[in-house]
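Me: I am new to this structure and would like to learn how to read it. Could you walk me through some features, one at a time?

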Amino acid sequence: MDTNANAINWFEIPATDIARAQKFYEAAFAISMHSMGDMMGMKFVGFPSDPMNGKVSGGLVQGPMHTPSQTGVIVYLNANPSIQAVIDRIEPAGGKVVMPRTQISPEIGYMAFFVDTEGNRVGLHAQN
């Protein structure tokens, strides 16, 4: 992992009604969120961000892989410069890869999910 990079790249908060969730977060935090459209069969609404300054951001997500619960949100850890190198170390370290390297889009890069030794589902993100 690049020690000068953010440890977290992205977070997702599951929603069953994305419009209702957007209204809530905009009101609760006095912000304006933006539609990120549909990707990979999911609807996204983004929190304000400034990626050019290295700030971590995230969004609300409505889709089949995202079920709201009180057990936590999905945190994506930075796996740059190579997501596959990180994936290859997960099972030897005692975890389990539950979704392999999957392209989000050419512009956004790749993601994967693993379960850590404590039973937490965690996401990975990298450009490659």
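This is a predicted model: local features need pLDDT of at least 70, side-chain atom pairs count only at pLDDT 80 or more; totals for chains, interfaces and linings use all residues.

Me: How many bridges join β5 to strand β8, and which way do they run?
Reply: Strands of a sheet pair through backbone hydrogen bonds, either parallel or antiparallel. Strands are DSSP runs (E, at least two residues), as helices are (H or I, at least four), numbered from the N terminus; two strands pair if DSSP finds at least two bridges between them. Here 3 bridges join β5 to β8 (residues 121-126), and the two run parallel.

Me: In which sense do β1 and β5 pair?
Reply: Strand β1 (residues 8-14) pairs with β5 (residues 74-78) in the antiparallel sense, over 4 bridges. Glutamate 12 has isoleucine 74 of β5 as its bridge partner, and isoleucine 8 has leucine 77 of β5.

Me: What is the order of the strands in the sheet?
Reply: The open sheet has 8 strands in the order β2-β3-β4-β1-β5-β8-β7-β6, with mixed pairing. At the edges stand β2 (34-39) and β6 (96-105), each with a single partner strand, so one side of each has no neighbour in the sheet. On average, neighbouring strands are turned by 25° against each other, direction ignored. Axes for such angles are lines fitted to C-alpha atoms, for helices over the stretch in contact, and angles run from 0 to 180 degrees between N-to-C directions.

Me: Is leucine 77 buried, partly exposed or exposed?
Reply: Buried means under 20% relative accessible area, exposed over 50%, and partly exposed in between (1.4 Å probe, protein chains only). Leucine 77 is partly exposed, with a relative accessible area of 31%.

Me: What about backbone geometry; which residue other than glycine has a positive phi?
Reply: Most residues other than glycine have a negative phi, and most peptide bonds are trans. Methionine 40 has a positive phi, near 55°. Methionine 40 sits in the loop between β2 and β3 and is partly exposed, at 38% relative accessibility.

Me: Which residues does a cis peptide bond join?
Reply: Asparagine 80 and proline 81 are joined by a cis peptide bond, with omega about 10°. Proline 81 lies in the loop between β5 and α2 (83-90).

Methods: Residues are numbered from 1 along each chain as its sequence is written. Side-chain values use heavy atoms; hydrogens and water are left out.
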